[in-house]
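Here is a short note to read beside the model. Take the points in order, with the structure open.

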Amino acid sequence: MGLRLLISVLLFSVSITLILTLLQLYIDYRRDVSALESRLEQISNSYLGSLAESLWTLDQTQLRLQLTGILQLPDISAVEVRETTATGNPFTVQVGAKSSDSSIIAQEYPLRRSVEGQEKTIGTLHIEATLAGIYRMLLNRAWTIFLGQAATILLLSLFIIYIFHYLITRHLFAIANFVSTYCISDPPPHLRLRRRPPRHEDELERLVTAFNLLSDDLQTAYHGLCNANVQLARDVAVRSEIEAVLREREARIRRLVEANIIGIFIWDFEGRIIEANDAFLQIVGYQREDLVAGRLSWADLTPPDWHGRDVQWLQEHKLTGSRPPIEKEYFRKDGSRVPVMIGAATFEESDNQGVAFVIDLTERKQAEEALRESEEQWRAVFENNPTMYFMIDDTGTILSVNPFGAEQLGYTVDELIGRPVQDIFHEEDRDAVQRNAAACLEHLGRAMSWELRKVRKDGSMLCVRETARAMVVKKRTVLLIVCEDITERKRAEEAARRSEEELRQVIETVPAMVWTALPDGHVDFINQRWREFTGLSLDETLGWSWEAEAPFHPEDIEAYLANWHASLATGQPFEAEMRIRRAADGEYRLLFESAVPLRDEGGNILKWYGFLVDIEDRRRTEEALQKAQAELAHVARVTTMGALTSSIAHEVNQPLGAIVTNANAALRWLASQPSNIGEAREALGRIVRDGHRAGEVIGRVRSLLRKTETATTRVELNALIEDTVGLLQGELRRHRILLHTELAEDLPPVAGDRVQLQQVILNLMMNGIEAMSGVTDRPRELLITSRLEASAAVLVAVRDTGTGLDPQSAELFVPFYTTKAEGLGLGLSICRLIIEAHGGRLWASANEPHGAVFQFTLPSEREEFSS
């Protein structure tokens, strides 16, 4: 199974990897070609004007310098400027070698200039860009992706095989081994898998449960069959006893007939009584003269309500030749009724006559009625008493159990009768059961008691206190057992014991230094952790009042004691942070202490309860965490600025190109005869302006890349938004995105770190730009708004018309979660950390009908003042 699973996973994963790699390479190829085309477009936007000026003045040196600058750009292989002229020898300047290879992109751009008030084409700019670099990069990327995915697939497949073996196959082997060794006559314990119990029942757990239930059913059926065999043997023995009793009864009847003890008469089917002994005559109250006179008839002696049954019995008697003993009634001579038992049989020599014996059941009926009433009374007590009663024999077999006892164990009465009593006891108590039963049997009539654990049918435990007495019933030694359910008492005792133990240990094991003090502040208890921390003994601590002899830092003792004495005087809860010297190494550790008073009904303080917790490591961890967050934020800023490199270069190249063009123009104005000082001054002014512009761009980049400590200042969010927009102008133009801003005029300043807040705005704008990079069916618009909320908080929102939020948008702010192929997944996480550190909130939602909106709020200085 594991090998087939590994092969299937590898085949499927390799196929998907190849398809995804080809798709990724195609996307990268289209993106790189698009970037190259955008670069050519940027060249045309940046250089056409200055090239047209240089071509107009036929300044070959300047043209070659500018063309060489274009050639330095990535993937540019040849650049040529050709003059448009009607003559056959146009002015041409070429840098780089043209290629006839098909893996190039060639573009031509007209060079135009205003000549005598009219826009004319004075030349052509021809640019060739090679795709060889893109091909090499795609090949390297393909190998990197394929090798990386191959290693990932192999590791993942091996992990899947391991997990499959750990979760399934090893448990299947365990189940198979368990089943192969299963024996119904000597069953092993329940099947249990070697694994952590699952939170919710799974398939393996259901299989194990089903098998264990099947095993229990088999054991129940097996024991039932054994019990049935035992019962059958008993029934055979009982039948033998009955046969012996019948023979004995026949002998007794014979003796009774001879002794004239029971009534006997000879009858015929016509209803006549032909002959009868004195015993029968005495039963029915007649004299022998009545018999001789023929005044006795068994038909007349039978009451009318017995005639129907008599007719049926006669028919059966004629067929079988005998009538089994039955109970019926006869009329006495005085008209009263007498219950009798009668049995009859026809003579072999005559089919019409027979003999019958009659027994007077009057006394037995009276005894039975009394016995029945007594049995009903005792049965009612036995069956309805809320106490468990058991009767077992000397072999430990259950002979009788009352319904309440069976119900308490989850069985029916029939399920328990005939079962070994040890089956319903816990395995660890079964030896004690045998010893106790043996002791009772050795001391007949003596009551003995013990406490044991019984097991219900569902496997749960039942603690009982049993009182037993051995006695002889019908020549058979039995044990009568009365059981009292003491489960709740045991639980209460165990709970009380555990509570007492836990309460005793909690003070010593709690991860804090716990103390109690009298209302005046003198310590009357302190736990072991304080003694271990300070090195002070219990005798040295008791009676203490937290005075100067405590191992406090000298700088903390005065403020600490003032705070403690104030709490003692006012009865208010006490809290403080102070440094205490640890005895183990002499180091002062920062501890947090809290104490509250216990009061009586009148509000008087009875005692102070306090604890101390070492928070030195937590304080150091918090400082390290703040430093790590600052480091992580700096990394995110550097990563963002790396993504903006081309945009920043474009922003810097524009003023630099303009500086070069204006400098050349100033030189020409100064070299002309006469020199045009005014035009030269204007050109130099433009050079200064463009220089400041380039410096501002570089300054904004440097401020974002600085790695400084967090500095809280007054920050004008509108100005910060405008600076960030200026930094992203190149990205906005490159992606052809229309930017709108709606900034509230009366926006109050906020308190925060300017660099961190600018990082948040920059990241949200870059996310919006990237979300709209693939949109082609609607305008690409980015809207930045700011306003003052009713709660005096400042709200900033960045809306885009991009692809919208991912279905798993709840994970947007989880560290390292990203939907970008080359993203780190830290941007939004860091943004949320920054905003929350400033006391604000950052969230995302859908922007109807397209795109997403990211919003954050910050408390304004106005809000802080009002609060």
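1. L764 touches V798, L828, L842, F854 and F856, leaving aside residues up to four places away in sequence. Contact means heavy atoms within 4.5 Å. This is a predicted model: local features need pLDDT of at least 70, side-chain atom pairs count only at pLDDT 80 or more, and totals for chains, interfaces and linings use all residues. Residues are numbered from 1 along each chain as its sequence is written, and side-chain values use heavy atoms, without hydrogens and water.

2. Which residues touch the most other members of the largest nonpolar core? They are L717, L757, L764, L782 and F856, out of 37 residues. The largest share of this core, 8 residues, comes from α22. A nonpolar core is a set of buried Ala, Val, Leu, Ile, Met, Phe, Trp, Tyr and Cys residues joined through side-chain atoms within 4.5 Å. Helices (H or I, at least four residues) and strands (E, at least two) are DSSP runs, numbered from the N terminus.

3. In soluble globular proteins, nonpolar side chains tend to be buried together.

4. Now D393, which is found in strand β10 (residues 388-393). Is D393 buried or exposed? D393 is buried, because its relative accessible area is 5%; buried means under 20%, exposed over 50%, partly exposed in between (1.4 Å probe, protein chains only).

5. D393 touches R234, L399, R476, T477 and V478, again not counting residues up to four places away in sequence.
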